[in-house]
Amino acid sequence: MSFASHDSATRQSQGEAITAEEIAASGATADEATARYALILGDDALMLSQRLGAWVSRAPELEEDVALANIALDLLGHARFLLTYAGTAWGKSEDDLAYFREEEEFRSCRLVEQENGDFGKTIARQLIFSFYQHELYSRLVHSTDATLAAIAEKALKEVDYHQDHAAQWVLRLGLGTEESSRRMQAGLDSVWSYVEELFTDVEPITELGDVAVLPSTLREPTLNRLHQVIEQADLSVPDMSGAHGADRSGRHSEQRGFILAEMQVLARRHPGATW
Amino acid sequence: MSPQNHQHAPLRLADEADAAAARDEAESGQHRFDEIIADDSRIEPRDWMPESYRKSLVRQVSQHAHSEIIGMQPEGNWISRAPSLKRKAILMAKVQDEAGHGLYLYSAAETLGTPREDMYDQLYSGKAKYSSIFNYPARTWADVGAIGWLVDGAAIVNQVPLCRASYGPYGRAMVRICKEESFHQRQGWEILYSLSHGTQEQREMAQAAVDRFYGPALQMFGPPDGDSPNSQQSMAWNIKRFTNDELRQRFVDMIVPQVEALGLTLPDPELKWNEERGHYDFAELDWDEFFAVIKGNGPLSRQRLEHYRSARDEGAWVREAAVAYANRVSQEQDRDQAALIGA
């Protein structure tokens, strides 16, 4: 199976670029554990896309409306690939999984569920998550699961831009004005206690061997790179330990329910309808 | 002659010479401008142009840009609730396109010497106009379809002739915008098609949306020709190519077969084919409503403006930081360069 595309990540190339429909049509079927892993990755992307989508028409500058929408769109694309692939294990579609799972069935981490806050907080969340995703996908391209490897290859090109966007803003806000530095620091402080959850080895990842990337192995390289940017921006790495409940279960979060209430409301009012 | 006079005389002569040169330039400029318009050719940013032409274009292009920006709100409010991930992705890309259109258009207006910041200020203060359709609410998912089909459809009919507008940067921006708008219209039509071929509830939702957006969409072409003071001059300058009423008729003729294909109806009992005219006849629109909305009393006029203002206000510190950072970097570069030269 070949989804691999060597085209530019920003170019819409017909036939070569991977799509959710191609994954569904490829006949590749995820086993139960792989599907549950795909849900972890897909739910993170979906929740963050949902959050970033709310910036459209509210960004500090028109160019930023375009940029944040673009990142949200990339993440939504990743979520569609991953949920489609996960669904092959249970005969479910991406929409079955996105719209008809309950709050406690999602596996997203709390970082991506956090409210947007001001631009500083959104950029803090972007910095952390895009750096984490970059490390993750750089390794997942070697997955022994061909579909996950292909998804990672496509996503990696896009995440490369996301981390550049976030880092450029962290520098501007950190070194810009007194107010921007204060707000950027407050943004980092606000989300930092949820960083640890990204690196927690939850099941089924521990059973998947070379199919998956073990989150704990991403901690050091991701944190090193984060520290570098934060220090370059004259900001401090928050000195705090991870919030309790780093298990992606949803039992330690209040945000997930609100996100889903809004996202699922229309689809659930018309079960079985085609849109 | 006193030294004072001695100094003044040549200055006065120079002033007069300048004034005469300016008059000559204006005359030859006007001549050249008239020739370009008569040839149906293009005016470019560095060409001489009458002030009134410049002003009229800035008004039209910036209003168009503002419409794109405010237009992000009604549809943007459905991104979070889109009923499938595919529809969500399409809608997000569409609203993003609108931000992009705003950017092209503000840039085109900037080539006429008006900074983007000034145009933002006019929108912020409520002085600038934008298409009144965006002051109506997008209440249901079907409204997203109706906006795409009818509002973007009307925009295309309006904008295709603008691709030939005499001002080069505007015409070229319109070419790209029209290409994207035709995707937008298609996605709107597709949404309505899925709904009108779906469940009973979906079908009713689609019909209700068409009923609500039909009148306001027809009003997007502006007041009847008799009440449109700027149209004539704009047509003489080859900016506008057809009158409001001509474009409105063209639009009605276009959407009647489309609504039939959707299996829906348009909310106008007087709508019928006129063999003699070769066009559809349709009922007079509610122009009192139109002028009320134009004057800022649309259902959501205040909400749309407040949304824009709060985004602008809340983003001020970010823009200030970006400027401060750019200054800092350029100062550092200057210092590095000075050090290099010193070494």
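Q: How many salt bridges does a search of the whole structure find over all chains?
A: Keep in mind that we're looking at a predicted model here. Side chains of opposite charge can pair when their charged atoms come close. Searching the whole structure, over all chains, the count of salt bridges comes to 31.

Q: Which residue forms a salt bridge with A:Arg80, and where is that partner?
A: The closest N and O atoms of this pair are 2.8 Å apart, and the partner of A:Arg80 is A:Glu94. The two link distant parts of the chain, 14 residues apart. A:Arg80 belongs to helix H3 (residues 62-87) of chain A, while A:Glu94 sits in helix H4 (residues 94-99) of chain A.

Q: Are A:Arg80 and A:Glu94 buried or exposed?
A: Here "buried" means under 20% relative accessible area, and "exposed" means over 50%. Both A:Arg80 and A:Glu94 come out as buried.

Q: Which residue meets B:Glu44 in a salt bridge?
A: Look at the loop between helix H1 (3-38) and helix H2 (51-76) of chain B, which holds B:Glu44. Its partner is 128 residues apart from it, in helix H6 (residues 168-196) of chain B. The N to O distance is 2.8 Å, and the partner is B:Arg172.

Q: What is the relative accessibility of B:Asp281, which meets B:Arg277 in a salt bridge?
A: The side chains of B:Arg277 and B:Asp281 meet at 2.8 Å, N to O. B:Arg277 counts as partly exposed, at 41% relative accessibility. B:Asp281 also counts as partly exposed, and its value is 21%.

Q: Which residues are linked with A:Glu61 in a network of salt bridges?
A: This network has members from chain A and chain B. Besides A:Glu61, the linked residues are A:Glu63, B:Arg116, B:Glu117 and B:Arg312.

Q: How far apart are the end C-alpha atoms of helix H2 (residues 32-53) of chain A?
A: The helix has 22 residues, and at 1.5 Å a residue it should span 32 Å. The model agrees with that, because the end C-alpha atoms are apart by 31 Å.

Q: How many of the 22 residues of H2(A) are buried, and which residue caps its N-terminal end?
A: H2(A) is largely enclosed by the rest of the structure, because 20 of its 22 residues are buried. At the N-terminal end, a side-chain oxygen of the capping residue lies 3.2 Å from the backbone nitrogen of A:Ala33. So the count is 20, and the cap is A:Asp31.

Q: What radius of gyration does chain A have?
A: Chain A has 10 helices and 0 strands, and buried residues make up 60% of its 275 residues. Its C-alpha atoms fill a box of roughly 55 × 40 × 40 Å along the principal axes. A compact globule with 275 residues would be near 19 Å, so chain A agrees with its 18 Å.

Q: Which residue's backbone oxygen lies 2.7 Å from a polar atom of the side chain of B:Ser62?
A: You'll find B:Ser62 in helix H2 of chain B, and it is buried, with a relative accessible area of 5%. Leaving aside neighbours within four places in sequence, B:Ser62 is in contact with B:Leu57 and B:Met119. The backbone oxygen in question belongs to B:Val58.

Definitions and conventions
Residues are numbered from 1 along each chain as its sequence is written. Chains are lettered from A and ligands numbered from 1 in the order in which they are written. This is a predicted model: local features need pLDDT of at least 70, side-chain atom pairs count only at pLDDT 80 or more; totals for chains, interfaces and linings use all residues. Side-chain values use heavy atoms; hydrogens and water are left out. A salt bridge is a side-chain nitrogen of Lys or Arg within 4 Å of a carboxyl oxygen of Asp or Glu. Helices (H or I, at least four residues) and strands (E, at least two) are DSSP runs, numbered from the N terminus. Buried means under 20% relative accessible area, exposed over 50%, partly exposed in between (1.4 Å probe, protein chains only). The expected span of a helix is 1.5 Å times one less than its number of residues. A polar contact is a pair of N or O atoms within 3.5 Å; within protein, one must be able to donate a hydrogen and the other to accept it, and residues adjacent in sequence count only if both atoms are side-chain atoms. The radius of gyration is taken over C-alpha atoms; the globule rule is 2.2 Å times the number of residues to the power 0.38. Contact means heavy atoms within 4.5 Å.
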